[in-house]
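Good morning, and thank you for joining.

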Amino acid sequence: MAKPFVNDRGFIKFPCRRCLNNVSHQLEDLESHIFRNGFMFGYNQWIHHGEPATANAGTTVAGPSGGIHERDEMFDVLDDIISEDADEDTVGGPSSNDQYDDLFAALRSELYPGVSSFSSLNFLVKLMHLKVLNKWTNKSFDELLKLLKLAFPKIDLVESHYEAKKLMTNMGLGYSSIHVCKNDCALFWKENSLKDTCPVCSESRWKLQSGKRSGKNVPHKVLRYFPVGPRLKRLFATSKTAKLMRWHSTGKSKDNDVMQHPVDGKSWQEFDKRHPQFAGDVRNVRLGLAADGFNPFGNMSLSYSMWPVVLTTYNLPPWICMKVEYLMLSLLIPGPQSPGKDMDVFLRPLIDELKELWVHGLDTRDAASENGVFRMRAALLWTVNDFSARSSLSGWSGQGYRACPTCNEDTPSMRVIGKTAYFGHRRFLPTNHHWRSNLQFDGRTE
């Protein structure tokens, strides 16, 4: 009976107590879901599975104890997240994805007795969003949670910011903390993850008190890394953004003299010629990278430089790709000093993942395609930065006798009154210009 109601991806809404007709999975897993989780309360008219809806049959779902509450917007969010993992885990259904248990529990629970239209998860997500927008500290967030618990004793809410962040991690919003050598020599990552001293300078990984390690291991520096792959997969999880990821192929300018997007430029076209296999699938992702330092403490006299590394997706149309919502923070490099020539040390996790996405790709579910899953690859096309940040990213010094990134070794420069001066600009003047033969600067013609 349920087969005619399978969507074009082979998925159907599951009426078990966990999915509540708001999460879709493959049809062959339906029986195991209902057997393990039980059939949802209140679903007497099978409006999602063939029976016509009557006047009293609305879009309601069963609550955790048999009560009925209105559809929560977070169901769509979890549906997208679970759809990403559907191909990796189709045998046991969601019961084998233990990381979703807490999310479903928070989604099915009412925020407060009698408030059926607002789930605990929905409220927490909005509260965390306010924390970010208004720059609340973790301590102030904890104090707010305590106040809410005190004012509303029956409210179903986490106890602390730590618990909230732990729950958000299950939604794919987490990051990896990677310890860094005090002198920026190396990361305690992969082959160095178990070491207590730097493999380059032998400096201790941990902060010491009076020459001894304190009771709790506290690293000197911590690099925050936000994996790129899962967030690129999320862009293809909903049909709306999945269609936008093809814009560079369908919406580019038809006038050769107009450039409204990087796809209209010669660099993009030359890249496609050199890598026809990559360009053959328009869903493959083109990325740009931007990095610069800033003082997180505002205008205070404290000198501190923290470097965020941000990625933008050039598959998207120009009015979207530079919006804050579509910029992806990939690295947060700690201070207090600028990484300088050691930038490559901090970029290693990102470079390793980008190489993996370029060579092997990542199985990704495309919500806008009938084929379902494809192998997504990604390429970093450009960096966007000022001259000093470019020096850190490229490794080519932006000062001194060979500062020009174009001339490199042939940079025309000389020392003038204690400073480095760059000359040779007269060669760009017309051939018959009188300055070309002037000898007053360095006694030479150009």
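**A hairpin, a sheet and several rings**

Let us begin with two strands. Strand 16, residues 413–416, is joined by four bridges to strand 17, residues 419–422, and the two run antiparallel. Within this pairing, R415 has T420 of strand 17 as its bridge partner. Strands 16 and 17 make a hairpin with two residues between them. In that turn, I417 has a positive phi of about 50°. Please keep in mind throughout that this is a predicted model.

I turn now to the chain as a whole. It contains 14 helices and 17 strands. Of its 446 residues, 39% are buried. If we take contacts between residues at least 6 apart in sequence, 52% of them join residues at least 24 apart.

In what order do the seven strands of the open sheet lie? The order is 6-5-9-12-11-10-15, and the pairing is mixed. At the edges stand strand 6, residues 187–188, and strand 15, residues 378–384. Each of these has a single partner strand, so one side of each is left without a neighbour in the sheet. For strand 6, two bridges make an antiparallel pairing with strand 5, residues 176–180. Here V180 stands opposite L187 of strand 6.

Let us move to the aromatic residues. How many aromatic pairs does a search of the whole structure find? The search finds nine. Consider W247 and W319, whose ring centres are 5.7 Å apart. Why is this pair called edge-to-face? The planes of the two rings stand at 80°, and the term applies to angles over 60, so the pair is edge-to-face. W247 belongs to helix 9, residues 247–250, and W319 to helix 12, residues 318–321; the pair therefore ties together parts 72 residues apart in sequence. Are these two residues buried or exposed? W247 counts as buried, at 11% relative accessibility, whereas W319 is exposed, with a relative accessible area of 53%.

A further pair is formed by F278 and W358, with 5.2 Å from centre to centre and 35° between the planes, an arrangement described as tilted. Since F278 lies in helix 11, residues 276–279, and W358 in helix 13, residues 343–359, this pair ties together parts that are 80 residues apart in sequence. F278 is buried, at 1% relative accessibility. W358 is partly exposed, with a relative accessible area of 27%.

W358 also has a charged residue over its ring: R377 lies over the face of W358, at 4.8 Å from the ring centre. Likewise, R283 lies over the face of F374, at 4.0 Å from the ring centre. Elsewhere, W268, Y314 and W382 are linked by ring pairs into a cluster.

I close with a single serine. Where does S119 lie? S119 is found in the loop between helix 3, residues 101–108, and helix 4, residues 120–133. Its relative accessible area is 4%, which is under the 20% limit, so S119 counts as buried. A polar atom of the S119 side chain lies 3.1 Å from the backbone nitrogen of N122.

Thank you for your attention.

Technical notes: Residues numbered from 1 in each chain as written. Predicted model: local features only at pLDDT ≥ 70, side-chain atom pairs only at ≥ 80, totals over all residues. Heavy atoms only, no water. Phe/Tyr/Trp six-rings, centres within 6.5 Å; stacked < 30°, edge-to-face > 60°. Buried < 20%, exposed > 50% of the residue type's maximum accessible area, 1.4 Å probe, protein only. Lys NZ or Arg CZ within 6 Å of the ring centre and 35° of its normal. Pairing = 2+ DSSP bridges. Polar contact = N/O pair within 3.5 Å; in protein donor to acceptor, adjacent residues only side chain to side chain. Contact = heavy atoms within 4.5 Å.
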